[in-house]
Structure formats: C-alpha cells, structure tokens
Amino acid sequence: MRNGFDVFRRAWESQIGEALPLPPWEPVGSGEFRVRVRASTVHDTVISGVYGELMAGGTRGASHHLEDRVLVHVMGRGEWRFVSPRNRDETAVPAGQFIVRHNGPPARFEVAPHSTAKVLILPATPLSPLIRDRATVGPADSPELRLLMAYIEIVEATLDDLTPAGARAARNSLLELAKGVLTQTFDDTEPLLAPALAQAARDIADSRLTDPGLSPATLARELNVSVRTLHRAFAETDDSVAAYIRRRRLEQSRLELTAPGPRPNVSEIAAHWQFADSSHFVRAFKKEYGQTPAEYARRPK
C-alpha cells in the first residue's frame, strides 16, 4: 500500500506543487491502494477529482492531518467513511451525498473500491464559525450544493484564462457558495454568484429536456430561488431561460433526425421533445437551422 500512496503523492505534487503540500499520510492495513487524482489550484483553494480504482479488502484508508482547511467531498460513486479520532464516531458518505468537514485532528477514512469524488479544499478561517467541530452531510442534489458544483464546472472550464485577480474572485465565489451549503441559503443579491445559478439551471434543464413540466418556474423551485432571480441570472447570458430550454430541445431533435438506424417521424420527435405540435416544431426548427426537419434529415451526410 505504501507504494500506492507514494504514486498518489507524486501525482498530487506534480499538479499542485507547493500551493498545498500533501500532509503526511499513514496507510492503514497492507492491501493495495491505487488512486488517480486530477487537481488544480484557484488562488489558495484546490479543486480535485479523486478516482479510487482499487483498495483491496474494500476499504482500508489512511490517517492524515491537513491544518486549517475545510474539505467538501461530493460522492459520485462508491462510499467514503470518516472516523473521528476523538469518539470513534463514523460518518458514511455514499454516492449522491456530500460532506463538508473541518480537517482538524488526524482523521481516519475508509474508501470503498472504485469510488469517485469531487473534492474541494478551502481555507478554514471564513468557514470555521459555520462548521465548528461538526461535519455537515446532505444530498448532492440540494439547491445549494448544485450551485457550488455548477460554479466549480465554470471555474474548471476557464481556469487557464483566469488572471490572478480573476482567480481570487473565483475563490471568493467558491467560499460564498460553500457558506450557502452550510447555511442552506443563497444570497440572490450577490452578482458574482449569478453565473453559478445560471449554470446550475442549465444542468438541471439538460437532464429534464423531455419533461413536459420543465419551465423557468420549475427550475426556480429546484434551486430554491424566485423566478425573477433566475431570469436575472440569465440576463448576462446569450439566452433567456425559456430560450435555452427551446434551443437544447432543438439540438437534441436535430441529433435524432440524423441518428443511424430507424428514426421516428417528425410528429413523434416533436412530441418526445415537448413541442406543442409538429407545426410548431417545424417552424422552430427552420428558424434555428434554416431547413425543415424533413429537409435536414435528407441532406447529404
């Protein structure tokens, strides 16, 4: 297992460097340990994706100490268990859950094989009053966690282009969104957080394009904000909320028109992607792509 930790450490150091040295880790047990990590820094924070390929025996983890940091784990697959060194209390965080915890005294964790997680490492000082000595655990689809994850997606996509001032602003926004996760509130007057709200709404919309109930109102309810706040967040983008939903439905219908194998007819596609009727779908499609759906489907590939 020691060799596996050494490989992990080298990968961490090559990606993070001296921005956040990995603390001493002590393997627990003698099983194999193979973990991949992709990490990047945003000012004094770290965003990382952790992929546990193999932890033999299912689960032996490590003890470590990381001073003055708050860690947010969002589980994609598998399960992590954290064991308090003080009272031996155990907290399980399965797929679809998150945990926010202060990484104070050395803590033992156990990780199921093939687990994946997004891990955000933040400075503790702004968050400690909200955390104290307890961990916060909840569902990854909570409105506040969705906003945080949406903003992480934005930061990762633009990280290479951020100036030092931009990186600091991004870090401040990450902290504000982490505070929202801990307090279960969202400051809808903070303009820096509008991009996260718009991205979170887009992510939800993309997963529910065939839902007949999808609308700005349902998205606002999912994110626990007013419809006005949601529209305000989209005001800085190229689309309104409704326009984004319509455009994404048209994109999916276009892909369906050119998919290999048997294809549904225009009426079936219109119904599947929640257009009022085939005439409405044809008009919207032609306005977007300059051809009717039938013409688009017949064009040379």
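1. Beyond its neighbours within four places in sequence, Leu-148 makes contact (heavy atoms within 4.5 Å) with Val-72, Leu-120, Leu-174, Leu-177, Ala-178 and Val-181. A separate, second core has 20 residues, including Phe-8, Val-37, Val-93 and Ile-99. A nonpolar core here is a set of buried Ala, Val, Leu, Ile, Met, Phe, Trp, Tyr and Cys residues joined through side-chain atoms within 4.5 Å. Buried means under 20% relative accessible area, with a 1.4 Å probe and protein chains only.

2. This is a predicted model, in which local features need pLDDT of at least 70, side-chain atom pairs count only at pLDDT 80 or more, and totals for chains, interfaces and linings use all residues. Residues are numbered from 1 along each chain as its sequence is written, and side-chain values use heavy atoms, without hydrogens and water.

3. The largest nonpolar core holds 59 residues, of which Leu-148, Leu-219 and Leu-230 touch the most other members.

4. Asn-224 follows H7 and has a positive phi, near 60 degrees.

5. The lining of the second largest pocket divides into three nonpolar, no polar and six charged residues. Among them are Asp-239, Arg-246, Arg-283 and Glu-288. H9 and helix H11 (278-289) each supply at least two of the lining residues.

Conventions: Buried < 20%, exposed > 50% of the residue type's maximum accessible area, 1.4 Å probe, protein only. Helix = DSSP H or I, 4+ residues; strand = E, 2+ residues; numbered from the N terminus. 1 Å grid on protein atoms, 1.4 Å probe; cavity = no way out; pocket = protein on both sides within 12 Å on 5 of 7 lines; lining within 4 Å. Nonpolar A, V, L, I, M, F, W, Y, C, P; charged D, E, K, R; others polar.
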